[in-house]
Amino acid sequence: MTVLPPLRGKAVDLTGTFARFPVPAGVDLPPYRRRELSLLLFAGLLATAALAAVVLAIDGNITLSVFAYGLGFSALWGMAHLAVRRFAPAADPILLPLVAALNGLGLVMIYRLDLAKINAAEKAGKKIPPGVAPLQMVWTLLALVVFVLVLAIIRDHKELSRYAYTAGLIGLVFLLLPAMPLVGATINGARLWLRVGPFTFQPSEISKIILMIFFAGYLVNKREVLSVVSRSFLGMHFPRARDLGPVLVAWLASLGVLVVEKDLGSSLLFFGMFLVILYVATERASWVVIGLGLFSLGAVISYQLFGHVQVRVDGWLHAFDGDNPTSTSFQLVQGLFGFAAGGITGTGLGQGSPQRVPFANTDFIVASIGEELGLAGIMAILVIYGLVVMRGLRTALGARDPFGKMLAAGLAASLALQVFVQVGGVMRLIPLTGLTLPFISYGGSSIVSNAAIIALLLRISDSYRRPDPATPAAPLFDPNAVADSPTQVVRTT
């Protein structure tokens, strides 16, 4: 009789099987962190190669500073990798390298725009403006510090559900702070900023995370009530009228942001986040229909009453009409010209003129990338964002608790909505909103808040990928059971 050898070594990760079924204690975890480290090294090489292309195109030679930058960038994200290895060893190995690749490309493009502005100032005989790429590097360092702190402090994401209503109150306070007369500041027509001395900060970036915790905690408790059906129409089950309160409150709050702070992007983002997580909680498509109806009604009312909304919509609809390209839609038209100049493969890093677009390193950094990397580069970046969102939704599917499912789904949806609204505005699919592109655009508030989102997603993914402590320690296969069993010969005809 042949005795099968005992199973040895590591558990096999069979396309998500490990994520769905708890692994008994004593069985080694798959080498997640080794995969993450190898992908992070590739992200560092990608950022270094992009910087070398920019320097070669502008200066004609590659200096040692390029490789020093590459080592520094890789070391920075290497520290984030060590933090994940220490505090979330079973977390998703793909999220961090994807974010590092986006951040590296963003830093290179911001540096390239700094060089373009310096060259333009030298030719015009004007004062050379200070570059913002070093400041963005500092913001990246701060974002990674926040990333590590979130992983180190929040050891169990389920504890956040205990503070859901407190988070809702804090989130509303952060959202309304820019409207205060002493601390609020208006920049580029939108009152989104807090000014403390020489520093400015956008509190809505933080409030979106805090409010997402509130949304998830609230809907975990109320989803049964909100799922009750009163009547059906066209195959959809609609809720009772008395249960419309939450969506009406979220709708009015988003309109308040639009009216008081003149921020179309944040208004759309907050209401969209709530609508997505409400759909995840109830699985009722009727809530999406009701939300889209309220959004359409609010858009029509806002266009009729508020001048800044009319300017955005008219510039979107009539971008090339008459003298409009030289006034309200100049920025949009210049960005479209940049896309046209880039074509399929782009002009090449460092060989275009993206500085001609106003706010090229913030609101319109997509147009800058589109000019120099072309449609191929834009599609590659959108694929990376799609992978980030997909891994976030996979985390939501794998989470063992309802709060973790809703929180992960909401955080992933917030990233997807922000990318859609930002890229859609620059490409003239929707009106411009002023949102930044996560991890790529220049801006400290955005990269810090989005780093916290990635940390929360890694924390949730670590919780369901770890072995279940309730599972007793037992081998996957007992060779003695085979050794002691009788052997039977079966003859088939």
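This is a predicted model: local features need pLDDT of at least 70, side-chain atom pairs count only at pLDDT 80 or more; totals for chains, interfaces and linings use all residues.
**Exercise 1.** State how many cavities of 30 Å³ or more the structure holds, and give the volume of the largest cavity.

*Solution.* Step 1: the count of cavities of 30 Å³ or more is five.

**Exercise 2.** Identify the elements that give two or more residues to the lining of the largest cavity, and the element with the largest share.

*Solution.* Step 1: list the lining residues, which are Trp77, Leu96, Val99, Asn103, Thr140, Ala143, Leu144, Phe147, Phe439, Ile447, Ala451 and Ile454. Step 2: the elements that give two or more of these residues are helix 4 (95-124), helix 5 (133-153) and helix 15 (444-465). Step 3: the largest share, four residues, belongs to helix 5.

**Exercise 3.** Classify the lining of the largest cavity as nonpolar, polar or charged, residue by residue.

*Solution.* Step 1: 10 lining residues are nonpolar.

**Exercise 4.** Describe the second largest cavity by volume, lining, contributing helices and residue class.

*Solution.* Step 1: the volume of the second largest cavity is about 60 Å³. Step 2: its lining consists of Ala50, Leu105, Val108, Met109, Leu349, Ile369, Leu373 and Ile381. Step 3: at least two lining residues come from each of helix 4 and helix 13 (365-398). Step 4: the lining comprises eight nonpolar residues, with no polar and no charged ones.

Definitions and conventions. Residues are numbered from 1 along each chain as its sequence is written. Side-chain values use heavy atoms; hydrogens and water are left out. On a 1 Å grid over the protein atoms alone, a cavity is a set of points where a 1.4 Å probe fits but cannot get out, and a pocket is an open set with protein on both sides within 12 Å along at least five of seven lines; lining residues have an atom within 4 Å of a point. Grid points are joined across faces, edges and corners, and a volume is the space filled by probe spheres set on the points. Ala, Val, Leu, Ile, Met, Phe, Trp, Tyr, Cys and Pro count as nonpolar, Asp, Glu, Lys and Arg as charged, and the others, Gly among them, as polar.
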